[in-house]
Amino acid sequence: RAGIELDRESLWQLCEQNLGAGQVVKCLMDRATFKGQGGQSQIREIETCVAQLWQRWFPDKPSFERLDDKMQAGYALLQQKHDAVAACEVWLDAWGDFLSLLDRSGSKSLDEFDEQFKGTEWVFNWLQEFEQELWNAGIAQPRFFRERVRICEEHLRRFPADNAMAIENRRRYLAESYFELGHTAKTEALY
């Protein structure tokens with residue numbers, strides 16, 4: 001209907017070069033077959049189709065849309081069922097997608113990533129909430145304290161120039177988690 005022909009190989013190449021369906025559609029719109037003449041509703045329709053094909057044909061290749069879906073699924077579990085463990089399981093999977101997309105994007109800051117991502121939530125806010133919910137999940141299952149340590153350390157390593165309050169919070173989350181895991185020397189060093 002929009003004059004776009006797309007097979008699995010063509011979409012794979014576009015997914016390799018882009019991070020989300022919105023970016024793929026921009027590439028498609030620049031092609032001679034479409035020339036950007038679709039209205040906004042048609043563009044959204046095409047983005048939805050591309051996102052669904054991406055998920056169906058390449059389920060192991062993260063996309064902005066899938067990251068956003070996983071973030072929202074975790075929030076839904078927290079809001080509807082108050083289940084921090086289930087939410088954190090979903091968010092741990094989302095974390096892997098986030099790191100993959102972050103590396104592919106070349107972003108040096110969360111703000112830079114969010115500029116490209118344009119998700120339902122800001123990644124900066126989601127990460128803080130994720131780290132806080134890992135505490136709640138850790139009370140039920142201590143393995144989540146180890147996950148919290150891993151994620152906070154990775155966050156500090158990747159974003160050493162983050163704002164001072166975020167760094168302070170992350171160091172406090174680390175100290176709390178190390179304490180719960182019985183590592184008092186690391187706890188004291190962080191405080």
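Predicted model: local features only at pLDDT ≥ 70, side-chain atom pairs only at ≥ 80, totals over all residues.
Trainee: Is E154, which meets R158 in a salt bridge, buried or exposed?

Mentor: The side chains of R158 and E154 come to 2.5 Å, N to O. R158 is partly exposed, with a relative accessible area of 23%. For E154 the relative accessible area is 19%, and because buried means under 20%, E154 is buried.

Trainee: Which residues are linked with K70 in a network of salt bridges?

Mentor: Start with the pair D93 and K70, whose closest N and O atoms are 2.8 Å apart. That pair links distant parts of the chain, with D93 in helix α5 (residues 84-105) and K70 in helix α4, 23 residues apart. K70 is buried at 15%, whereas D93 is partly exposed at 42%. The network joins K70 with R66, D93 and D97.

Trainee: How far apart in space are G22 and F117, C-alpha to C-alpha?

Mentor: G22 is part of helix α2 (residues 21-30) and counts as buried at 18% relative accessibility. Leaving aside residues up to four places away in sequence, G22 touches E47 and E65. G22 and F117 are 95 residues apart in sequence, and their C-alpha separation is 9.7 Å.

How values were computed
Residues numbered from 1 in each chain as written. Heavy atoms only, no water. Helix = DSSP H or I, 4+ residues; strand = E, 2+ residues; numbered from the N terminus. Buried < 20%, exposed > 50% of the residue type's maximum accessible area, 1.4 Å probe, protein only. Contact = heavy atoms within 4.5 Å. Salt bridge = Lys/Arg side-chain N within 4 Å of Asp/Glu carboxyl O.
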